[in-house]
Amino acid sequence: MSDCIFCKIVAGQLPCSKVYEDDELLAFHDIHPFARVHVLIIPKRHIETLADCLPEHEKLLGSMLLLAPRLAVEHGLDTGFKTLINTGRDGGQEVFHLHVHVFGGGNPVDRN
Ligand code: AMP
Ligand code: ZN
């Protein structure tokens, strides 16, 4: 998807603050964090929303969810964290490339 921000990040055409990468997934800090820790886990291949997922995506979705607690702990969220998947316009989704928000730890820090 040539006009997709997250596909451009996957392709290296836009920068990101990467925290994890493997063959199928990429994770990076959210550019506008709403918690002290706020990372996004995305599949490298373009899937617009959770509602577009098919049975063939079962393993990919499992990999995304299993990565969440690992990244949470790596970022100091040992006592708990939140996950969020906004789906569709009325679900608050702004970037139409599937992603899991992983966040916690109180108010965001000023990254500037
Ligand atoms: P959603 O509302 O679930 O679609 O969330 C999209 C998220 O992507 C928002 O929290 C944005 O702050 C974040 N975001 C948008 N552009 C970028 C970017 N270039 N790098 C990192 N995060 C981004
Ligand atoms: Zn995309």
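## Pocket and zinc exercises

The largest pocket in this predicted model has a volume of about 620 Å³. Let's work through that pocket, then the metal site.

**Exercise 1.** Work out what lines the largest pocket and which element gives the most to the lining.

*Solution.* 
- Start with the residues: 24 of them line the pocket, and those nearest its centre are Phe6, Asp30, Ile31, His32 and Leu40.
- Next, look for elements that give two or more residues to the lining: these are helix 1 (5-10), strand 2 (25-29) and strand 3 (37-43).
- Helix 1 comes out on top, giving 3 residues.
- Finally, sort the lining by class: you get 12 nonpolar, 9 polar and 3 charged residues.

**Exercise 2.** Find the protein donors of the zinc ion (ligand 2) and explain why their arrangement counts as tetrahedral.

*Solution.* 
- Pick out the donor atoms: SG of Cys4, SG of Cys7, ND1 of His46 and ND1 of His97, at 2.0 to 2.3 Å from the zinc ion.
- Now check the angles. The 4 donor atoms subtend 105 to 117° around the zinc ion, and the cut-off asks for all angles between 85 and 135 degrees. The arrangement is therefore tetrahedral.

**Exercise 3.** Trace the zinc donors along the chain, and say which parts the pair Cys7 and His97 ties together.

*Solution.* 
- Written as a spacing, the donors run C-x2-C-x38-H-x50-H.

Note on methods:
Residues numbered from 1 in each chain as written. Chains lettered and ligands numbered in written order. Predicted model: local features only at pLDDT ≥ 70, side-chain atom pairs only at ≥ 80, totals over all residues. Heavy atoms only, no water. 1 Å grid on protein atoms, 1.4 Å probe; cavity = no way out; pocket = protein on both sides within 12 Å on 5 of 7 lines; lining within 4 Å. Points joined across faces, edges and corners; volume = space filled by probe spheres on them. Helix = DSSP H or I, 4+ residues; strand = E, 2+ residues; numbered from the N terminus. Nonpolar A, V, L, I, M, F, W, Y, C, P; charged D, E, K, R; others polar. Donors = N, O, S within 2.8 Å, 3.2 Å for Na, K, Ca; no water. Tetrahedral: all angles 85-135°; square planar, octahedral: opposite > 155°, others 65-115°.
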